[in-house]
Amino acid sequence: MSNPIGPPGGPAADGEPAVTVPRERVYELLAHLVASAELCVVEPDYYGSFRLLDAAAKLAAIMLGCGLDDPWLAGLHAELDRSKLLMMSDRPAFYSYLPQASRQVAERLLRTAGGRAGEVTR
Amino acid sequence: MTAADTRRGVDPAGLLALLSSRRVVRNFNSEPVADDQLWMILEAGRWATCASNNRVHRLLVVRDPQRIKLVTDMAPGIFSRPAVMVVICTDMQAVAAAGLRADVDRTVFIDVGTLMMNMMAQVHALGLGACPATSFSQAGVGVVLGLPEHARPEAILLVGHPADAGPPVPRRPSRPSPLLAKLVQWERYGQAPPVAPVASPPCG
């Protein structure tokens with residue numbers, strides 16, 4: 001199954017590179033999220049963070065696998081895949097990594113928006 | 001080895017070394033598992049201890065790559081597609097026939113563990129890798145595998161050839177094992193053993 005969703009590849013309206021994602025890959029992520037929602041009811045609470053980090057890594061992998069040229073995302077993907085496993089080996093380090101990942105993504109959002117810290121209006 | 005050990009063909013120290021060197025393998029390559037190896041693993045499961053010899057579990061072997069993919073999609077706890085999945089199902093018809101109450105009878109779940117452990121030990125002895133998985137949607141896996149209503153998937157054993165996936169997840173120091181002293185309670189709960197436990201054999 002390879003029915004694309006969204007517009008064909010090429011730059012998006014804002015000039016950022018766009019990527020076409022096959023429906024099957026979207027469904028895989030959908031399945032992961034929905035199954036995780038079911039599991040989180042019975043799993044320890046820190047598994048929720050683990051499942052979401054894993055989902056973020058899967059989303060990055062899907063985008064990169066579909067041809068998105070984004071070295072920053074590639075770096076984040078590798079880091080997410082590595083750091084999520086800290087949940088099983090070093091939980092304090094895992095907890096420390098969570099805000100670190102958020103900061104990285106927030107900084108990237110700022111750069112993408114063309115702003116600097118403190119300059120984004122609400 | 002004693003005469004009894006020889007009769008069983010088992011070196012006790014060798015068995016302990018096998019058990020203590022086993023690690024969960026989460027990444028597999030695409031090499032298939034041979035039929036004779038698979039049957040040996042299933043046979044090991046067949047000999048698992050079982051409460052009252054009720055045998056209320058069934059081992060569903062899945063080797064079709066497409067079905068393995070679909071199960072993996074519904075299993076956030078599975079990170080890599082193995083060559084084989086052995087889905088341990090509780091057969092609720094067998095449970096009813098045995099007069100068990102699956103919701104409160106602990107042996108139903110304990111026997112899943114004994115099945116899993118026997119098979120994992122055999123997998124390790126064969127030089128293959130295995131991972132037990134319980135983080136999956138039971139409802140979702142039931143649908144993608146077309147399970148009948150009376151088959152409840154409890155756990156999935158992933159079996160395959162280990163991939164070279166970088167360094168293993170770090171483990172806490174374990175030689176000699178302070179964990180053993182923590183696990184073992186002597187005569188009364190909370191009372192430590194009178195002598196230091198024997199150190200674990202070297203781990204692979």
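## Interface between chains A and B

In this predicted model, 12 residues of chain A are in contact with 10 residues of chain B. Three helices of chain A each supply at least two residues of the side that touches chain B: H1 (23-39), H2 (46-65) and H4 (86-89). H1(A) gives the most, with seven residues.

Five of its residues are nonpolar, three are polar and four are charged.

## Helix packing within chain B

Chain B holds a contact of two helices, H3 (residues 35-46) and H6 (residues 106-125). Their axes come within 8 Å. They cross at roughly 145°. The crossing of H3(B) past H6(B) is right-handed.

On the H3(B) side, the residues are Met40(B), Ile41(B), Ala44(B) and Gly45(B). They meet Leu115(B), Asn118(B), Met119(B), Ala121(B), Gln122(B) and Val123(B) of H6(B). Seven residues of this contact are nonpolar and three are polar. No charged residue takes part in the contact of H3(B) with H6(B), whereas the side of chain A that touches chain B has four charged residues.

## Confidence

The model scores ipTM 0.71 and pTM 0.81. For chain B, the mean pLDDT is 88. In that chain, 86% of residues reach 70 or more. Where pLDDT is low, predicted coordinates should not be read in detail.

Key:
Residues numbered from 1 in each chain as written. Chains lettered and ligands numbered in written order. Predicted model: local features only at pLDDT ≥ 70, side-chain atom pairs only at ≥ 80, totals over all residues. Contact = placed C-beta atoms within 7 Å. Helix = DSSP H or I, 4+ residues; strand = E, 2+ residues; numbered from the N terminus. Nonpolar A, V, L, I, M, F, W, Y, C, P; charged D, E, K, R; others polar. pLDDT = per-residue confidence, 0-100. Axes fitted to C-alpha atoms, helices over the stretch in contact; angles between N-to-C directions. Left-handed = near helix turned anticlockwise from the far one by under 90°.
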